[in-house]
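These are my notebook entries on a few local features that I looked up.

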Amino acid sequence: MYWNIIVNPWAGRGLGQRNWPAIKNLLTQAGITFNHTFTEYPGHAIELTQQAIARGERNFIAIGGDGTLHEVINGAMLQSEVPTTEITIGIIPSGSGNDWIKLYDMQGSTEDFIKYITDGQTILQDVARCDYCCDGQTGTRYMINIGGLNFDADTCLEFCRMKSKKGGADGSFYVKSILRAMKHSRLEKCTITVDGEQFHDDETFSIALGIGKFSGGGLQQTPYALPDDGLVDMTVVGNISKFRVLCSMPKLLAGRIFDIKRVTHTQFRNATIESRMPINVEIDGEMLGTTPVTITTIPGAIRMCVPRKSHPTEK
């Protein structure tokens with residue numbers, strides 16, 4: 001099997017570039033045949049993936065973090081050359097958060113991640129299509145892990161700003177982003193329609209959308225989410241004080257977000273979120289635009305390399 005490898009050299013404050021020579025040697029030792037390309041700017045991995053698919057390539061390895069994986073996924077989902085189920089994607093993490101891999105309990109050394117790929121164990125994972133507003137236009141992106149609105153997206157925006165300013169990120173950035181977002185995030189009245197029925201119409205502090213469970217370096221805003229049940233999980237944090245949010249962070253880490261008052265949960269195949277005033281939208285840690293947003297589940301959309309016997313089916 002031939003693989004197209006897309007390396008983000010800036011992932012993890014340059015970890016992708018520093019690790020590449022060793023990763024290249026290990027891939028060769030494992031008998032993997034491949035070509036590789038380095039990304040040069042945001043969104044480049046989307047273009048590289050689409051170009052490779054047009055050349056007839058179907059197997060990809062992303063070397064970077066969740067952002068790199070997000071772009072490779074979108075390159076596959078936004079193309080029209082072949083059905084997306086014919087595309088296989090693996091990852092060798094070199095980012096700051098690496099939250100998608102936590103869903104499948106993927107951990108260990110580079111050799112372990114190469115083995116996940118060479119073992120040939122895959123899963124057809126769901127993906128969510130997100131249509132959002134950006135400068136008066138409608139944009140489309142695809143989500144492989146988690147997205148969010150309002151406070152969740154404001155936190156993501158602060159994280160992206162710090163990451164850009166510092167030339168990378170570390171674990172402390174998540175905490176700092178939360179504290180900075182607290183200063184300007186506000187309650188906003190949101191109307192949420194789920195599979196044709198109104199689910200929520202009230203003041204809202206934050207909304208999380210999950211194909212996966214983990215974000216922000218291990219926070220669990222959608223702890224019941226499964227990657228192949230054909231549904232997106234939604235957690236809505238209603239009219240809640242900022243102080244209560246800060247006090248509830250241990251529950252987020254422990255997967256007990258539903259123990260917090262004024263937090264509700266649902267699952268859906270299609271949802272629309274509208275707000276009185278535009279609020280920020282992010283998916284997979286990437287800022288998109290603002291409301292209104294429509295989210296549509298695409299079951300079994302793309303084939304992902306995972307460890308053998310790894311299947312997060314328990315809620």
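Entry 1: Buried means under 20% relative accessible area, exposed means over 50%, and partly exposed lies in between, with a 1.4 Å probe and protein chains only. The model is a predicted one, in which local features need pLDDT of at least 70 and side-chain atom pairs count only at pLDDT 80 or more, while totals for chains, interfaces and linings use all residues. Residues are numbered from 1 along each chain as its sequence is written, and side-chain values use heavy atoms, with hydrogens and water left out.

I noted the buried positions of H3, among them Asp-66, His-70, Glu-71, Val-72, Ile-73, Asn-74 and Met-77. H3 covers residues 66-78 and spans 18 Å from its first C-alpha to its last, close to the 18 Å expected at 1.5 Å a residue. The expected span is 1.5 Å times one less than the number of residues. Helices (H or I, at least four residues) and strands (E, at least two) are DSSP runs, numbered from the N terminus.

**Entry 2: H2 against H3.** I then asked which residues of H2 meet H3. On the H2 side I recorded His-44, Ala-45, Ile-46, Thr-49, Gln-50 and Ile-53, and on the H3 side Glu-71, Val-72, Asn-74, Gly-75, Ala-76 and Leu-78. Contact means heavy atoms within 4.5 Å. By class, this contact has six nonpolar, five polar and one charged residues. Ala, Val, Leu, Ile, Met, Phe, Trp, Tyr, Cys and Pro count as nonpolar, Asp, Glu, Lys and Arg as charged, and the others, Gly among them, as polar.

The axes of H2 (residues 44-54) and H3 come within 7 Å and cross at roughly 45°, which makes H2 oblique to H3. Axes are lines fitted to C-alpha atoms, for helices over the stretch in contact, and angles run from 0 to 180 degrees between N-to-C directions. Angles under 35 degrees count as roughly parallel, over 145 as roughly antiparallel, 65 to 115 as roughly perpendicular and the rest as oblique.

**Entry 3: H1 against H5.** H1 (residues 11-29) and H5 (residues 110-118) pack at about 45°, with their axes 10 Å apart; they are therefore oblique to each other. I listed Ile-23, Leu-26 and Leu-27 in H1 as meeting Thr-110, Glu-111 and Ile-114 in H5. These contact residues divide into four nonpolar, one polar and one charged.

**Entry 4: backbone geometry.** I found a cis peptide bond joining Thr-291 and Pro-292, with omega about 5°. Pro-292 belongs to strand S17 (residues 286-305). Thr-291 is also touched by Ser-275, as are Glu-188, Lys-189 and Cys-190, not counting residues up to four places away in sequence. Ser-275 itself lies in strand S15 (residues 270-275).

I next checked for positive phi outside glycine. Asp-135 has a phi of about 55° although it is not a glycine, and sits in the loop between strand S5 (122-134) and strand S6 (137-143). Is Asp-135 buried or exposed? Asp-135 is exposed, at a relative accessible area of 76%. Arg-262 has a positive phi near 65° and lies in the loop between helix H9 (249-253) and strand S14 (263-268). I recorded Arg-262 as exposed, with a relative accessible area of 60%.
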